[in-house]
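Subject: Structure handover

Hello,

Here is the structure for you to look through. My notes on what was found follow below it.

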Amino acid sequence: MSGSETSKTESEAERQDAVVFDESDPLGAVECLPPTVFPVTVSLELGRTTSSDKTHTQLSTPNYPVDVRVPQGPYIPESTVHFDNPAERPPRNTEPWSPAEFENALADLLSSLDEEDHVDTDRLYLTGLTVAELPPRFVTQDETTGQSVASPDLYTNEGEMTLGTFSRDGTLSAARVREDLDTAMPGQSHSPPQLVQITEVTAKPSRSSRQTQGSAGRRRYYTESEAERAGKVDAVPGVWKMDSIASYGESYRSLNGVLSSIDRFFPALSEEDVLQSLSFRGQRETRERFYAEEVIQR
């Protein structure tokens, strides 16, 4: 191998950093959040085993070229739960859940599924999570439920919030970083949710939820266009993203530059030891292309 080929190989292998959410159970993920951190959405999935599937009695070989199987037990496809939270309202025709309601309902559902044949509720995994962390001065307690809620001062004073999105991004697989994952998350072989976006936002003057009624849009914070129309430069959201998920031409800051200072964005969440920082050796994948002219010429 020549010197140039050696340097090329070394340059293709790069050190990569990641921050993962060290909780695979959706119930545990919501329960472990500190009082100043609110769940916005939780995505989960209960996988099913195919070993108990049966062949379809009518749609079967040799009349058809493929084998059609019928699942024998219930399962949960990847689903997203929306919460009543200080930052965002759920999509239209979607009811928000409080954390307590979610925990009780999901626990009851899992108890029912445990009685079903061909179901393994241990395969219920957290696949995605979005949270909003507020400064402590903007968090109070609901007198009726005792739950932590956002103070009206958050919107009156146009306070700040930080949103974090964790997703099972394909760039972080257990096969590629098994040694690092085994150290940070022992006994877990699946891919954990990885931090893919941080968004710093400013609350708008009013909102609508179970606790506070008022006119508000889907976002309870200034979007870029709203901040520009209001002449509030400081209210323009600050967005940090993984380069792999950003759209072409999109304006954002690279998430790689702030992963080492994650506690600056999520001080309360970082104190719970639920965030794990990983650093591993990544390999760029290249694909050689062949063209018809070249093949013919050979």
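This is a predicted model: local features need pLDDT of at least 70, side-chain atom pairs count only at pLDDT 80 or more; totals for chains, interfaces and linings use all residues.

Is Lys241 buried or exposed? Its relative accessible area is 11%, and the cut-off for buried is under 20%, so Lys241 counts as buried. Leaving aside residues up to four places away in sequence, Lys241 touches Val196, Gln197, Ala246, Glu250, Tyr252, Arg253, Ser254 and Leu255.

Leu259 is found in the loop between strand E12 (253-254) and helix H7 (262-265). Leu259 is buried too, because its relative accessibility is 7%. Its contacts, again not counting residues up to four places away in sequence, are Asp17, Ala18, Val19 and Leu195. Between the C-alpha atoms of Leu259 and Trp240 there are 10.0 Å, and the two residues are 19 apart along the chain.

Now for the protein as a whole. It has 298 residues, and 41% of them are buried. There are nine helices and 13 strands. If you take the contacts between residues at least 6 apart in sequence, 71% of them join residues at least 24 apart. The accessible surface is about 17500 Å², and carbon and sulfur atoms account for 44% of that.

Next, the nonpolar cores. In soluble globular proteins, nonpolar side chains tend to be buried together. How many residues does the largest nonpolar core have here? It has 38, and Phe21, Phe102 and Ile198 are the ones with the most contacts inside it. Ile198 touches Thr162, Leu163, Gly238, Val239, Trp240, Leu255, Val258, Ile262, Phe265 and Phe266, when residues up to four places away in sequence are not counted.

The largest pocket comes next. It holds about 780 Å³ of space. Its lining consists of 37 residues, and those nearest the centre are Thr199, Glu200, Val201, Pro237 and Gly238. Two or more lining residues come from each of strand E6 (124-133), strand E9 (160-167), strand E10 (194-202), E11, H7 and helix H8 (267-271). Which element gives the largest share of the lining? That is E10, with six residues. Sorted by class, the lining has 18 nonpolar, ten polar and nine charged residues.

The peptide bond that joins Thr61 and Pro62 is cis, with omega at about 10°. Pro62 is in the loop between strand E3 (54-55) and strand E4 (69-70).

Asn93 is not a glycine, but it has a positive phi of about 65°. You will find Asn93 in the loop between strand E5 (76-82) and helix H3 (99-113). Asn93 counts as exposed because its relative accessible area is 79%, and the cut-off for exposed is over 50%.

Glu158 also has a positive phi, near 50°, in a residue other than glycine. It lies in the loop between helix H4 (153-156) and E9. With a relative accessible area of 25%, Glu158 is partly exposed.

Regards

Technical notes: Residues are numbered from 1 along each chain as its sequence is written. Side-chain values use heavy atoms; hydrogens and water are left out. A nonpolar core is a set of buried Ala, Val, Leu, Ile, Met, Phe, Trp, Tyr and Cys residues joined through side-chain atoms within 4.5 Å. Buried means under 20% relative accessible area, exposed over 50%, partly exposed in between (1.4 Å probe, protein chains only). Contact means heavy atoms within 4.5 Å. Helices (H or I, at least four residues) and strands (E, at least two) are DSSP runs, numbered from the N terminus. Accessible areas come from the Shrake-Rupley method with a 1.4 Å probe; for residues, only the protein chains shown count as cover. On a 1 Å grid over the protein atoms alone, a cavity is a set of points where a 1.4 Å probe fits but cannot get out, and a pocket is an open set with protein on both sides within 12 Å along at least five of seven lines; lining residues have an atom within 4 Å of a point. Grid points are joined across faces, edges and corners, and a volume is the space filled by probe spheres set on the points. Ala, Val, Leu, Ile, Met, Phe, Trp, Tyr, Cys and Pro count as nonpolar, Asp, Glu, Lys and Arg as charged, and the others, Gly among them, as polar.
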